[in-house]
Amino acid sequence: MGEKRTAAPLTHLVVGLLCFLFLLLRFMYVPESVPEWPKLSLFGNFFMDFSKKFSPCLLSRSILQTLYLPTHDMVFGTKKLTEVLKESAKSFIAPPVLLAENPLSSNPAACNCVDSFFAYNEHTFSVLFEICGYNRARQRDKLGIMLSNFANLQDEAERVDAYLHQLSMKNENPRQHLACFGTWVLYHCLRAMSFFLLSGLELELYSVHEYLYIFWYLYQFLFGWIVSALTRADTFLVEQDYVADPKAAKGSQKKPKVKKRKGKTDAKEIIFNQAMQNMCGGYYKALGGFIAEERIPEPLPTFDNEKVRFEHRFAPFAALSTPPPMAYSDFKMMKTYLLKSPAGELYASAAKHFHEARVLLESYPNPDEEWHEIVKVAKMNFVMMNLLASGLNWQSRTPPEFDFSCHRFFPIIKQRK
């Protein structure tokens with residue numbers, strides 16, 4: 001009896017040690033360079049990826065969250081979150097007021113304005129990182145609630161930019177300051193909006209007959225706005241570097257070579273979001289073809305109201321002014337226009353979108369694991385769309401199958417047997 005009593009605690013001890021070692025192995029996944037990342041988007045991507053890999057383990061997610069933000073205003077317990085936000089904005093678009101060589105950086109009024117702005121942003125971004133510690137369903141719920149905070153941040157960013165622009169114009173070498181902080185806030189707002197919609201696919205919250213307006217919103221607006229914000233920031237950075245270059249200041253006819261601040265990271269981000277836009281465009285056109293052939297089962301009219309469903313799905317966006325929330329009438333008009341095209345043409349157009357997404361993702365060296373997954377999905381869907389465009393199962397009423405086993409957001413479109 002004594003041996004049995006001794007064996008039980010030892011067994012529990014061994015199991016406990018094994019679980020602890022397994023937890024340590026998980027955190028070997030955290031790259032050593034994390035503290036040196038200047039961009040919040042990279043932190044956000046890492047947190048979301050970690051949440052995806054270890055979603056069932058609350059302890060793993062909580063420890064990571066506690067390591068990065070032990071208190072609401074201190075990153076790694078050593079650096080103020082407001083300073084991290086400043087570095088993020090400087091890396092993203094380099095507002096003149098954050099550049100040491102610009103007179104605004106030593107203007108007391110401008111400095112106080114900037115400090116107040118980032119202090120105002122601190123709560124929202126702190127909550128964003130707290131959300132990353134939740135499971136996927138809870139993340140989505142919290143994001144939907146806090147999107148209204150971005151509306152206030154956008155208004156504040158617009159006022160700050162306008163004020164700093166006025167101060168900048170009074171300097172000896174004036175440089176425009178419009179839409180700097182506004183673009184930075186808009187970019188993070190758009191990322192939250194796109195994740196909110198995409199996570200609904202991962203969590204299987206949408207019925208198949210709802211896919212059309214979900215992918216329409218992502219394709220026509222959100223990813224287009226993200227690419228536009230990234231491109232605007234990239235252009236502004238190049239202009240800033242050109243103005244700061246001594247050769248440019250002397251009016252040299254030969255345009256000097258500009259040292260790029262953003263490097264390959266943001267080029268990669270632009271390519272990735274362009275690919276995402278094309279993937280969503282492919283699904284939008286493919287679903288249009290299926291609807292034209294009456295292959296998507298619709299709910300009974302007695303129990304359905306598409307306008308109510310649409311407004312319910314996009315209700316969290318209603319508080320935002322930029323980007324302006326799209327009305328159901330806009331979707332209805334675009335849907336009517338889409339369905340005027342024959343199904344074959346829509347399938348062919350979808351195939352082009354999937355092909356373009358694949359080309360974009362394969363054009364970048366050393367792609368991430370997720371890129372390989374999306375490329376596989378794009379290849380499979382490209383083949384299927386071409387087969388459908390050529391007349392495969394013409395006039396069939398069998399609904400397609402959407403297989404999410406390869407990627408959490410983008411399904412492989414299959415023909416049911």
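**A guided reading**

Tutor: Glutamate 269 is buried, with a relative accessible area of 11%, where buried means under 20% relative accessible area, exposed over 50% and partly exposed in between (1.4 Å probe, protein chains only). This is a predicted model, in which local features need pLDDT of at least 70 and side-chain atom pairs count only at pLDDT 80 or more, while totals for chains, interfaces and linings use all residues. Residues are numbered from 1 along each chain as its sequence is written, and side-chain values use heavy atoms, with hydrogens and water left out.

Student: With which residue does glutamate 269 form a salt bridge?

Tutor: A salt bridge is a side-chain nitrogen of Lys or Arg within 4 Å of a carboxyl oxygen of Asp or Glu. For glutamate 269, the closest N and O atoms of its pair are 3.8 Å apart. The pair links distant parts of the chain, 78 residues apart, with glutamate 269 in helix α10 (residues 263-292) and its partner in helix α7 (residues 180-202). The partner, partly exposed at 22% relative accessibility, is arginine 191.

Student: How many helices does the chain have?

Tutor: Helices (H or I, at least four residues) and strands (E, at least two) are DSSP runs, numbered from the N terminus. Besides four strands, the number of helices in the chain is 14.

Student: What percentage of the residues of the chain count as buried?

Tutor: The accessible surface of the chain comes to about 21200 Å², of which 58% belongs to carbon and sulfur atoms; such areas come from the Shrake-Rupley method with a 1.4 Å probe, and for residues only the protein chains shown count as cover. Of the 417 residues of the chain, the share that counts as buried is 47%.

Student: How many residues apart are arginine 159 and glutamate 156, which form a salt bridge?

Tutor: The closest N and O atoms of arginine 159 and glutamate 156 are 2.8 Å apart. Arginine 159 counts as exposed at 51% relative accessibility, whereas glutamate 156 counts as partly exposed at 21%.

Student: Within what arc do the buried residues of α12 fall?

Tutor: In helix α12 (residues 328-338), the buried residues include Tyr328, Phe331, Lys335 and Leu338. Seen down the axis of α12, these buried residues line one face of the helix, because they fall within a limited arc, which is that of the directions from the helix axis to the C-beta atoms. The face turned away from the buried side carries the exposed residues Met333 and Tyr337.

Tutor: In helix α11 (residues 306-313), Glu306, Arg309, Phe310 and Arg313 are buried. At the N-terminal end of this helix, a side-chain oxygen of the capping residue lies 3.1 Å from the backbone nitrogen of lysine 307. The residue that caps α11 is asparagine 305.

Student: Is threonine 124 buried or exposed?

Tutor: Threonine 124 lies in helix α5 (residues 108-131). Leaving out residues up to four places away in sequence, threonine 124 touches Met146, Asn149, Phe150 and Leu153, where contact means heavy atoms within 4.5 Å. With a relative accessible area of 4%, threonine 124 is buried.

Student: What distance separates the C-alpha atoms of arginine 140 and leucine 197?

Tutor: Arginine 140 is found in helix α6 and counts as buried at 9% relative accessibility. Leaving aside neighbours within four places in sequence, the contacts of arginine 140 include Phe196, Ser199 and Gly200. Arginine 140 and leucine 197 are 57 residues apart along the chain, and the separation of their C-alpha atoms is 8.6 Å.

Conventions
A polar contact is a pair of N or O atoms within 3.5 Å; within protein, one must be able to donate a hydrogen and the other to accept it, and residues adjacent in sequence count only if both atoms are side-chain atoms.
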